[in-house]
Amino acid sequence: MGKDYLRPDYIFESSWEVCNKVGGIYTVLSTRAKTLQEEMKDRILFIGPDFWKQEESPYFKEDKSLFAEWQWEAKEQGLKVRVGRWTVPGEPIAILVDFNPFFEQKNEIYGWLWENYGVDSLHAYGDYDEASMFSYAAGLVVESYYNHYLNKGQRVIYHANEWMCGLGALYIKSHLPQIGTVFTTHATSIGRSIAGNQKPLYDYLFAYNGDQMAGELNMQSKHSIEKQTAHHVDCFTTVSDITANECKELLDKPVDVVLPNGFDNSFVPKGAVFNSKRKAARKRLLEVANALLGESLDDNTLIVSTSGRYEFRNKGIDVFVEAMNRLLRDRELKKKVVAFIEVPGWVGEPRKDLQERLEKWRNGGNEKMSNSQSPLEVPQVTHWLHNMSHDNVLSMMKYYDMHNRKDEKVKVIFLPCYLDGKDGIVNMTYYDIVLGNDLCVYPSYYEPWGYTPLEAVAFKVPCITTDLAGFGLWANSEFGGRYGEIEDGVKVIHRTDYNYSEVADAIKDTVAKFSAMSQKEVDECRKAADKLSKKALWSEFIKFYHEAYDIALRKAQERCSN
């Protein structure tokens, strides 16, 4: 089928997260880059924002000799660009553009946008202006590069990610109609807002009017650019069937193709290295738990975690705490459990008392901490927060009287920082820590795709997710349409607007069941998780991108031949 597709000679892809690690889209782009770079050999160019003034992006390596002639010409045109390599597998070319000079033309740009596409920028606030100026600059970069190096005989794609890059896609559509435009919404801005504002999203989706809700939730401008981009590009896409439904109802536009998020597993360690890394991760997590709790939990302890952005309801952090609270009283639980909540909060500093205790312990050789050691004050958190009394996780634990007492079999620890290897307590990166888990739990309420469960299974960690996550739905489809069980590597729980309590029970029951499994059964679960992750590699999913490029290129051809 793929043989007849029109293939692009060049792809320009813009995103706020190119060389800028702030969320899941960074993972989408940076892991897919290798597959596209192998196909396109430096004819895939990523465009990102250049706001790295004081310090350089750790993910970008400048190369002044790349397109040197064009760089000089772009400068003459008033474009401040830096060209180099994105330091991810495949090392694709990245162009970073300084968008600040365009703020003085903001009103003219928004005027053009309103006259040509009816985009309402009047209600803009927050990050709307910044994203729009970047997107406009990205459009100018492509126009300048195209005019310097390319011609109408070449097939070119401009791929914009999220509402932040919509303006650039519309600019390209107007000024370079021969370029095929693709737009991917990774989550509709209005859908995320409805869910985040505690409104039921799914039961009422058919009845919501996107424009009306945007007015109610003060989201008019973001919703407007997203909707108009979706309607005007050559190929409109999203990342899962669940978000496709959202697009149809809230943006009044069905998607042309669903582009599921794949994974590049080249950085997952293999064989003996994997085993030693897993051992090191478990050792570190148990050290931190023991130092904080004054315990001597051993390697037989079940290590469970949840992670992701700190969206308390959307990511299901609330239901995770609820489930752990119920697990405290579950008679089926056969092991001690230490459950980590790894989401970045408003973090102040690493706890000095915990650092000191860890230091003392590590220097004191391998002897176990004595049971007589008392827990530290507030034994639920590893770093002090700026808002201790108003933090959702700590408040919920306090409400349920979850104080990690000695006699309790389930301990919950909040790790409220980015696991970048230098947080002051764990000092290991997320990917080095995740493989130490026995089980990962991601009971999302709003999750267009869900990289965290995909990453977990890639590291052979069985996980629990829901059918409100795109990944959960995809996993069910891989299991022949039935709901995944933990023996399949992924337990998929049915979740609705209103069954919070049942979801908490299902998590509790699954953890208890897992705690009673033999080593052989656990190994089977881990094997099944690994096997499922292989079906979600970019080598499997890139075909959907080829379909999207084909749709966009055919429309551009048609437009230019009329």
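1. Lysine 460 counts as partly exposed, at 29% relative accessibility (buried means under 20% relative accessible area, exposed over 50%, partly exposed in between, with a 1.4 Å probe and protein chains only). This is a predicted model, in which local features need pLDDT of at least 70 and side-chain atom pairs count only at pLDDT 80 or more, while totals for chains, interfaces and linings use all residues. Residues are numbered from 1 along each chain as its sequence is written, and side-chain values use heavy atoms, with hydrogens and water left out.

2. Where does lysine 460 sit in the chain? The residue is in the loop between helix H15 (451-458) and strand S16 (463-466). Helices (H or I, at least four residues) and strands (E, at least two) are DSSP runs, numbered from the N terminus. Although lysine 460 is not a glycine, its phi is positive, near 65°. Lysine 460 also lies over the face of phenylalanine 274, at 4.6 Å from the ring centre. A charge sits over a ring if NZ of Lys or CZ of Arg is within 6 Å of the ring centre and within 35 degrees of the ring normal. Arginine 313 is placed over the face of tyrosine 445, and there the distance to the ring centre is 4.1 Å.

3. Glutamate 91, a residue other than glycine, has a positive phi of about 40°. The loop that holds glutamate 91 runs between strand S4 (81-86) and strand S5 (93-97). Its relative accessibility is 33%, so glutamate 91 counts as partly exposed.

4. How many aromatic pairs does the structure hold? There are 38. Rings of Phe, Tyr and Trp (its six-membered ring) pair if their centres lie within 6.5 Å; planes under 30 degrees apart count as stacked, over 60 as edge-to-face and the rest as tilted. One of the pairs joins tryptophan 70 and tyrosine 145, edge-to-face, with 5.4 Å centre to centre and 75° between the planes. This pair links distant parts of the chain, 75 residues apart: tryptophan 70 is in helix H2 (residues 68-76) and tyrosine 145 in helix H4 (residues 128-149). Tryptophan 70 is buried at a relative accessible area of 0%, and tyrosine 145 counts as buried at 3% relative accessibility.

5. In the pair of phenylalanine 263 and phenylalanine 267, the ring centres are 5.7 Å apart and the planes stand at 65°, so this pair is edge-to-face. Phenylalanine 263 counts as buried at 1% relative accessibility, whereas phenylalanine 267 is partly exposed at 31%.

6. Tryptophan 70 and tyrosine 145 also belong to one aromatic cluster, together with Tyr10, Phe12, Phe67 and Tyr149. The axes of H2 and H4 come within 10 Å and cross at roughly 130°. Axes are lines fitted to C-alpha atoms, for helices over the stretch in contact, and angles run from 0 to 180 degrees between N-to-C directions. H2 is therefore oblique to H4 (angles under 35 degrees count as roughly parallel, over 145 as roughly antiparallel, 65 to 115 as roughly perpendicular and the rest as oblique). The crossing is right-handed. A crossing is left-handed if the near helix is turned anticlockwise from the far one by less than a right angle, and right-handed if clockwise. On the H2 side the contact is made by Glu69, Trp70, Glu73 and Ala74, and on the H4 side by Val141, Ser144, Tyr145, His148 and Tyr149. Contact means heavy atoms within 4.5 Å.

7. Phenylalanine 183 is part of strand S7 (residues 180-185) and counts as buried at 0% relative accessibility. Leaving out residues up to four places away in sequence, phenylalanine 183 touches a set of residues including Ala160, Asn161, Trp163, Val233 and Phe236. Alanine 160 is 23 residues away along the chain, with 4.9 Å between the C-alpha atoms.

8. Is tryptophan 474 buried or exposed? At 11% relative accessibility, tryptophan 474 counts as buried. The residue is in helix H16 (residues 470-478). Apart from its neighbours within four places in sequence, tryptophan 474 is in contact with Trp449, Leu532, Lys535, Ala536 and Phe541.

9. Aspartate 420 is in the loop between strand S14 (410-414) and helix H14 (430-434). At 40% relative accessibility, aspartate 420 counts as partly exposed. If residues up to four places away in sequence are not counted, aspartate 420 touches Met428 and Thr429.
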